[in-house]
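Thanks for coming. Please have a look at it first.

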Amino acid sequence: MTNQKTLGLLITLEGGEGGGKTTQIVRLRDKLTALGKDVIALREPGGTTVSEQIREVVLSAKNAGMAYTTEVLLFQAARAQIYREIVLPSLAAGKVVLMDRSRDSSVVYQGIVRGFGRELIDQLNDISTKNTLPALTILLDVPVPTGLARVAEAGNNNRMEMQGTEFHEKVRQAYLDLAKADTTGRWKIIDASQSLEAVEAAIWQATQNIFP
Ligand code: TYD
């Protein structure tokens, strides 16, 4: 995969709802910036003008009738745009790119849970990312009831979060299976039911191994 050819470093945060990815990515960005690293933090779907518009369509609770195939392609369309516009140029410029979700979200949600299959989603991911794999993928794993309670507290209710508990249990299991089956060593599983500070420390430790 192309990461070896790039100068920068791509780190992704993955996991089901309520694992704290959004909070943790800000903390990680700030700590790396304080060390003098050139860092950007992005989210998927979103992160560019085009991708944020796609985000609105794919996540809107108004679009309950969206076909799964449409969903698959919209997530990939948003990804193709952010990689071409921001991620790949940033990596080429030697930056550290932190992403709140990326290709593995599609493998889990669309490939495994929606049932499109890992192979198809990997092919689409390779097209949309131009064959880019993260150097490190941190799975923030949290029991579903804990995660959903956090989301409910935050008052978010997008189309995916409105799915039932069974859906979210499948998401959690799919992530754990994916991470455990990995042979590249890029996955790190962190227990995100711990305090924010404990999770932050575990993430920091995981990143230390990949900086030269
Ligand atoms: P978001 O509000 O960003 O939620 P979270 O805080 O959990 O990341 O919503 C993103 C939703 O989109 C989330 O439910 C996961 C889903 N998703 C996919 O199904 N496939 C994808 O490829 C991506 C990037 C996200």
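**Loops, ligand and core**

Let me begin with Pro 45, which sits in the loop between strand 2 (39-43) and helix 2. Helices (H or I, at least four residues) and strands (E, at least two) are DSSP runs, numbered from the N terminus. This is a predicted model, in which local features need pLDDT of at least 70 and side-chain atom pairs count only at pLDDT 80 or more, while totals for chains, interfaces and linings use all residues. Residues are numbered from 1 along each chain as its sequence is written, and side-chain values use heavy atoms, with hydrogens and water left out.

Back to Pro 45: the peptide bond that joins Glu 44 to Pro 45 is cis, with omega near -10 degrees. Most peptide bonds are trans, and most residues other than glycine have a negative phi.

Lys 130 is not a glycine, yet its phi is positive, about 55 degrees. Asn 131 is in the loop between helix 5 and strand 4 too, and has a positive phi near 60 degrees. The cut-offs are under 20% relative accessible area for buried and over 50% for exposed, with partly exposed in between (1.4 Å probe, protein chains only).

Next, the ligand. It is surrounded by 16 residues, the closest being Glu 17, Arg 79, Arg 101, Ser 106 and Gln 110; a residue is near when one of its heavy atoms lies within 4 Å. An N or O atom in the side chain of Glu 17 is 2.8 Å from an oxygen atom of the ligand. For Ser 106, a polar side-chain atom lies 2.6 Å from a ligand oxygen atom, and for Lys 21 the value is 3.4 Å. A polar contact here is a pair of N or O atoms within 3.5 Å. On its own the ligand has 540 Å² of accessible area, and the protein covers 92% of that (Shrake-Rupley method, 1.4 Å probe).

Which residues have the most contacts inside the largest nonpolar core? They are Val 108, Tyr 109, Val 171 and Tyr 175, in a core of 24 residues. Such a core is a set of buried Ala, Val, Leu, Ile, Met, Phe, Trp, Tyr and Cys residues joined through side-chain atoms within 4.5 Å. Helix 7 gives the most to this core, with seven residues. Leaving out residues up to four places away in sequence, Val 108 touches Val 113, Val 171, Ala 174, Tyr 175 and Leu 178, where contact means heavy atoms within 4.5 Å. Another core, of 19 residues, lies apart from this one and has Leu 32, Val 199, Ala 202 and Ile 203 among its members.

Last, the rings. There are two aromatic pairs, with ring centres within 6.5 Å and planes under 30 degrees apart called stacked, over 60 edge-to-face and the rest tilted. Tyr 109 and Phe 167 have centres 6.1 Å apart and planes at 50 degrees, so this pair is tilted. Tyr 109 with Tyr 175 is edge-to-face, at 6.3 Å and 80 degrees. Tyr 109 lies in helix 4 and Tyr 175 in helix 7, so the pair ties together parts 66 residues apart in sequence.

Terms used
Polar contact = N/O pair within 3.5 Å; in protein donor to acceptor, adjacent residues only side chain to side chain. Phe/Tyr/Trp six-rings, centres within 6.5 Å; stacked < 30°, edge-to-face > 60°.
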